[in-house]
Amino acid sequence: PAAAPSDLDRLQVLGHGNGGTVYKVRHKRTDKIFALKVVHGDQVFREMEILRRTDSPFVVQCHGVFEKPSGDIAMVMEYMDAGTLDTLLQKKWTFSEQKLAHIAAQILKGLSYLHAHKIIHRDIKPSNLLVNSHMQVKISDFGVSKIMCRSLDACNSYVGTCAYMSPERFDPETYGGNYNGYAGDIWSLGLTLLELYLGHFPFLQPGQRPDWATLMCAICFGDPPSLPDGVSEEFRSFIECCLQKESSKRWTASQLLNHPFLGKDLRSE
Ligand code: ATP
Ligand code: MG
């Protein structure tokens with residue numbers, strides 16, 4: 001039985017986005033903690049639909065959706081007590097290869113679940129990957145996702161955060177190959193892992209402000225970003241498999257789940 005918004009006490013704001021506001025809330029009767037996302041606008045319906053359809057330990061769980069008299073939509077979600085991978089980046093966390101393998105494996109399990117259900121996330125980035133204190137990582141924020149209906153429903157519209165967009169989203173003729181949108185999520189995953197390792201967004205120097213034209217040129221015309229010296233061959237290869245500019249050469253989520261880099265997750269620290 002889902003908790004209705006009137007059963008919930010708002011404790012604090014967890015974050016604001018384009019879509020709306022996320023609160024930390026307490027269920028009055030059980031004292032359980034949840035996250036409540038209150039959104040307005042029409043993107044909401046897709047997000048609701050996706051959260052309702054998905055049931056995976058690697059995708060944030062939704063306990064209920066309510067329409068408020070104001071027309072706003074409130075979604076009760078499981079609370080992730082460590083924030084997002086972006087929160088950890090801002091706290092200057094350092095991510096060892098082993099930690100990254102653990103993070104990568106979870107995101108890939110989430111992506112392979114979504115892709116198998118014909119859902120393209122389209123906005124994979126550190127601030128949309130929730131974390132809890134058990135170091136569980138879950139995919140969230142389906143505000144710009146797409147449910148693929150039938151064959152080639154191209155989805156190269158400008159949605160999501162441009163910085164994490166793959167070359168074929170800017171230039172499908174050159175990099176689109178066998179175009180399906182799923183590979184775009186893998187590019188964004190590769191950039192995200194590289195950012196966690198480097199501590200800054202790969203196409204920019206630390207502190208450098210993004211300039212969209214330069215960034216887009218770097219993504220489309222430059223070499224893909226890569227790891228510095230000193231990392232393992234497995235890690236280097238894994239990032240290369242994600243950051244192939246030609247989308248058809250990029251590995252799929254289920255292929256990457258068998259990449260040797262993920263074996264590092266099993267070894268002890
Ligand atoms: P953005 O435009 O920054 O991506 P958004 O409107 O798309 O934001 P979300 O990404 O869903 O909204 O949430 C905004 C922020 O709220 C997140 O970056 C995170 O810090 C926090 N948040 C969202 N959901 C949860 C949750 N289930 N548990 C804990 N914190 C959450
Ligand atoms: Mg978000």
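Strand β4, residues 62-67, pairs with β5 in the antiparallel sense over 5 bridges; two strands count as paired if DSSP finds at least two bridges between them. Strands here are DSSP runs of E, at least two residues, and helices are runs of H or I, at least four residues, numbered from the N terminus. Before I go on: this is a predicted model, where local features need pLDDT of at least 70 and side-chain atom pairs count only at pLDDT 80 or more, while totals for chains, interfaces and linings use all residues. Residues are numbered from 1 along each chain as its sequence is written, and chains are lettered from A and ligands numbered from 1 in the order in which they are written.

Back to the pair. Glutamate 67 has isoleucine 73 in β5 as its bridge partner. The two strands make a hairpin with 5 residues between them, and in that turn glycine 71 has a positive phi of about 95°.

β5 has another neighbour: β3 joins it through 6 bridges, again antiparallel. There, alanine 35 is bridged to methionine 77 of β5. So is β5 buried or exposed? 5 of its 6 residues are buried, so β5 is largely enclosed by the rest of the structure. Buried means 20 or more other C-beta atoms within 10 Å of the residue's own, placed from the backbone.

Now the ligand. Ligand 1 is surrounded by 22 residues, the closest being Gly15, Gly17, Gly19, Val22 and Ala35; to count, a residue's C-beta atom, placed from the backbone, has to lie within 6 Å. β1, β2, β3 and β5 each give two or more residues to that shell.

What about the core? The largest nonpolar one has 62 residues, and Phe34 and Leu36 are among those touching the most other members. A core like that is a set of buried Ala, Val, Leu, Ile, Met, Phe, Trp, Tyr and Cys residues joined through C-beta atoms within 7 Å. Helix α6, residues 182-198, gives the most to this core, with 10 residues.

Last stop, helix α3, residues 97-116. Its 20 residues should span 28 Å at 1.5 Å a residue, and the end C-alpha atoms are 27 Å apart, which agrees; the expected span is 1.5 Å times one less than the number of residues. Its buried residues include Leu100, Ala104 and Ile107. Just after α3, lysine 118 takes a positive phi of about 65°.

Key
Buried ≥ 20, exposed ≤ 12 C-beta atoms within 10 Å, placed from the backbone.
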